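Hi there,

Please have a look at it here, and then read on for what turned up.

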Amino acid sequence: MIDLAAFAREKGVKYFMISYTDLFGAQRAKLVPASAIAEMQADGAGFAGFATHLDLTPAHPDMLAVPDAPSVIQLPWKRDVAWVASNCVMEGSDLAQAPRNVLSRLIAEAAEMGLEVKTGVEPEFFLLTPDGLAISDAADTAAKPCYDQQAVMRRYDVIAEICDYMLELGWEPYQNDHEDANGQFEMNWKYDGAMATADKHSFFKFMVKSVAEKHGLRATFMPKPIQGLTGNGCHAHISVWDSATGRNAFADDTKELGLSDSGRAFLGGIMKHASALAVITNPTVNSYKRINAPRTLSGATWAPNTVTWTGNNRTHMVRVPG
């Protein structure tokens with residue numbers, strides 16, 4: 001187990017951000033001096049749960065955010081601060097609805113079946129003016145701006161700095177691009193276990209916003225920040241692996257699209273529960289309105305509006321590319 005106090009001494013960390021994500025995807029944190037982190041690692045940092053979106057009332061007891069020490073990351077752009085994901089606890093028990101606790105339970109259920117879920121994400125974001133009212137690059141005006149090499153190079157300082165940090169952290173980033181909307185970008189790193197990817201994704205959003213602010217810009221992952229332009233999405237790549245053999249449990253070259261029987265059953269579950277899953281994948285009004293949204297300037301919304309699956313065809317909700 002990682003001793004966070006020892007980590008602070010070794011790395012020169014003065015403060016820790018004890019962080020959790022609420023039900024709307026907002027990240028919450030307390031800034032804790034390194035001199036107090038040993039106590040916080042044992043007992044957690046106290047929060048009023050009602051003050052964030054966790055489906056609690058003012059009458060609920062204090063919520064404690066207990067750091068999960070292996071998730072700790074020293075901020076590459078501010079090395080005297082470290083970020084650590086935490087598990088939400090109330091009166092000695094995990095807070096059932098806290099997103100990280102939900103994921104932990106599901107990972108444990110899969111482990112009991114001899115399976116490990118691995119995920120990769122493709123987060124998209126806009127770089128805006130500091131007031132958030134317009135894209136930050138006045139020259140980014142192409143009708144089809146996706147993969148625009150001039151536009152991505154005009155934001156080289158921001159994108160390269162973020163990618164450099166991911167390389168330093170060992171995330172194995174492999175590509176960065178200008179996305180389908182003016183002012184929009186996407187950055188990709190290697191897939192990992194479901195919890196590791198979730199923690200990295202949380203930190204990535206924090207990092208992107210922080211680096212953008214450092215450069216006098218504003219980053220947003222809001223689903224539909226600008227009318228008429230393609231919104232921000234986050235494709236999720238999901239695979240399930242046999243813990244004993246280390247093989248992909250969804251892969252079977254003898255089956256249609258190379259998808260095994262268990263993979264097809266998993267896909268069937270997504271199809272059956274797609275409408276309910278929209279509460280998780282589209283939790284805000286702004287996000288939900290992207291479903292069946294009108295065509296954008298580039299010609300497509302890239303948001304699914306039907307419960308369908310396919311092979312390598314991007315117009316469907318679920319794609320099995322190979």
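To begin with the annotation: at which residues does UniProt place the feature "domain: GS catalytic"? The unreviewed entry puts this feature at residues 99–322. Please keep in mind as you read that this is a predicted model.

On the domain division, the protein splits into domain 1 (4–93) and domain 2 (114–319). Taken over C-alpha atoms, the centres of domain 1 and domain 2 are separated by 26 Å. The two are in contact, with 15 residues of domain 1 meeting twelve residues of domain 2.

Now to the helix packing, where α6 (residues 194–214) has a crossing with α5 (residues 156–169). The axes of α5 and α6 come within 10 Å and cross at roughly 140°. The two helices are therefore oblique to each other, and the crossing is right-handed. On the α5 side, the contact is made by Val-158, Glu-161, Ile-162, Tyr-165, Met-166 and Leu-169. From α6 come Phe-203, Phe-204, Met-207, Val-208, Val-211 and Lys-214. By class, this contact of α5 with α6 has ten nonpolar and two charged residues, and no polar ones.

Helix α3 (residues 99–112) also meets α6, their axes coming within 10 Å and crossing at roughly 160°. That angle makes α3 roughly antiparallel to α6. The crossing of α3 and α6 is right-handed. Arg-100, Leu-103, Ser-104 and Ile-107 of α3 make the contact with Ala-194, Met-195, Ala-198 and Asp-199 of α6. Sorted by class, the contact of α3 with α6 has five nonpolar residues, one polar and two charged.

If you open the model, you could start with α6 and look at its contacts with α5 and with α3. I would be glad to hear what you make of it.

Best wishes

Methods
Residues are numbered from 1 along each chain as its sequence is written. This is a predicted model: local features need pLDDT of at least 70, side-chain atom pairs count only at pLDDT 80 or more; totals for chains, interfaces and linings use all residues. Side-chain values use heavy atoms; hydrogens and water are left out. Axes are lines fitted to C-alpha atoms, for helices over the stretch in contact, and angles run from 0 to 180 degrees between N-to-C directions. Helices (H or I, at least four residues) and strands (E, at least two) are DSSP runs, numbered from the N terminus. Angles under 35 degrees count as roughly parallel, over 145 as roughly antiparallel, 65 to 115 as roughly perpendicular and the rest as oblique. A crossing is left-handed if the near helix is turned anticlockwise from the far one by less than a right angle, and right-handed if clockwise. Contact means heavy atoms within 4.5 Å. Ala, Val, Leu, Ile, Met, Phe, Trp, Tyr, Cys and Pro count as nonpolar, Asp, Glu, Lys and Arg as charged, and the others, Gly among them, as polar. UniProt positions are given in the numbering used here, feature names are shortened, and annotations may be inferred rather than shown by experiment. Domain bounds come from an automatic or database domain assignment.
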